Amino acid sequence: MSNQNDLCYEKALGYWADIPPTVDGVLGGFGFISDMDIDGSKLFLKSLFSLKNPPASHTALDCGAGIGRITKYLLLPYFQSVDVIEPDEKFLNTITDFVGEERTKLGNFYNVGLQKFKPDKKYDVIWNQWVLGYLTDKDLISFLQLCRNALSENGVIVIKENVTSSGKLEKDETDSSVTRSLKQFLKIFKTANLRRIKQCKQTNFPNGIYPVYMFALVPKINELICNNIQD
Ligand SMILES: C[S@@+](CC[C@H](N)C(=O)[O-])C[C@H]1O[C@@H](n2cnc3c(N)ncnc32)[C@H](O)[C@@H]1O
């Protein structure tokens, strides 16, 4: 495991506290990639609904939801209800207005960091995007284990994150985050007892940014879902 003892949750929150609650804000000035990102995620999500044993479409969880960009454009069109986790109060308070018409489908709002989250219900899809770099390996593994136990039948954990091209962990002191290599992610999934049933690289993103990967993960013991394995 990489050594990330110097990741500081307070510093990360301090960074986000100064960021405006807009799409451009939560995407660090890359608001223009949001539509392409959502298109890629839709294809990925649809591929999960096409599995032999697909997840249901009752409840999804958006982890590190920001202002609800993914909730609004990706999850609410597919799920009856969406819960959100977001530690920045300003972002959390923006979600309902940002979502607009579909606000009645918003479920629970959890104003905590993922490292402190304790799920109290089951989810069909748990979506984690551009947020796991804030967690240490240890906290990430514990969080993924909690998510694994919070999946409904045929439920899937989705991770969409930047991945380094160098094959090494890269740190960003500005927001106290890390970007992991593919190998590091795979090791973490294994330790959390999760099995990868799909993996896909986001296409059409501009040059000069990290490659972005999507992973679909299920509990290792779930034989039914494992029949869906394609890799
Ligand atoms: C790059 S933004 C991405 C937001 C959203 N996932 C999206 O793609 O639109 C990162 C988000 O992670 C949140 N965040 C930072 N540290 C976190 C933590 N420890 N637990 C949960 N969320 C965190 C920030 O407040 C911010 O909303």
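Let me start with a term: a nonpolar core is a set of buried Ala, Val, Leu, Ile, Met, Phe, Trp, Tyr and Cys residues joined through side-chain atoms within 4.5 Å. Buried means under 20% relative accessible area with a 1.4 Å probe, counting protein chains only.

A word on the model, everyone. It is predicted, so local features need pLDDT of at least 70 and side-chain atom pairs count only at pLDDT 80 or more, while totals for chains, interfaces and linings use all residues. Residues are numbered from 1 along each chain as its sequence is written, and side-chain values use heavy atoms, with hydrogens and water left out.

Now the overall picture. The protein has eight helices and nine strands; these are DSSP runs, H or I over at least four residues for helices and E over at least two for strands, numbered from the N terminus. The radius of gyration is 16 Å, close to the 17 Å that the globule rule gives for 231 residues, so the protein is as compact as a globular protein of that length. That radius is taken over C-alpha atoms, and the rule is 2.2 Å times the number of residues to the power 0.38. Along the principal axes, the C-alpha atoms fill a box of roughly 45 × 45 × 35 Å. Of the 231 residues, 52% are buried. Taking contacts with a separation of 6 or more, 70% join residues 24 or more positions apart, where contact means heavy atoms within 4.5 Å.

So what sits inside? The largest nonpolar core has 42 residues, and L114, I126, F143, L144, I157, I159 and F189 touch the most other members. Elements giving two or more residues to this core include α1 (9-17), α5 (89-99), β5 (151-162) and β9 (212-219). Helix α6 supplies the largest share, five residues. There is also a second, separate core of 26 residues, with I38, V82, L92 and L106 among them.

Have a look at I159 with me. Leaving aside neighbours within four places in sequence, I159 is in contact with residues including N128, L144, F185, F189 and Y213.

One more residue before I sit down: is T179 buried or exposed? T179 is buried, at a relative accessible area of 11%, and lies in strand β7, residues 177-179. Not counting residues up to four places away in sequence, T179 touches N162, V163, T164, K168, L169, E170 and Y210. From C-alpha to C-alpha, T179 and G28 are 15 Å apart in space, and 151 residues apart in sequence.

Key. Buried < 20%, exposed > 50% of the residue type's maximum accessible area, 1.4 Å probe, protein only.
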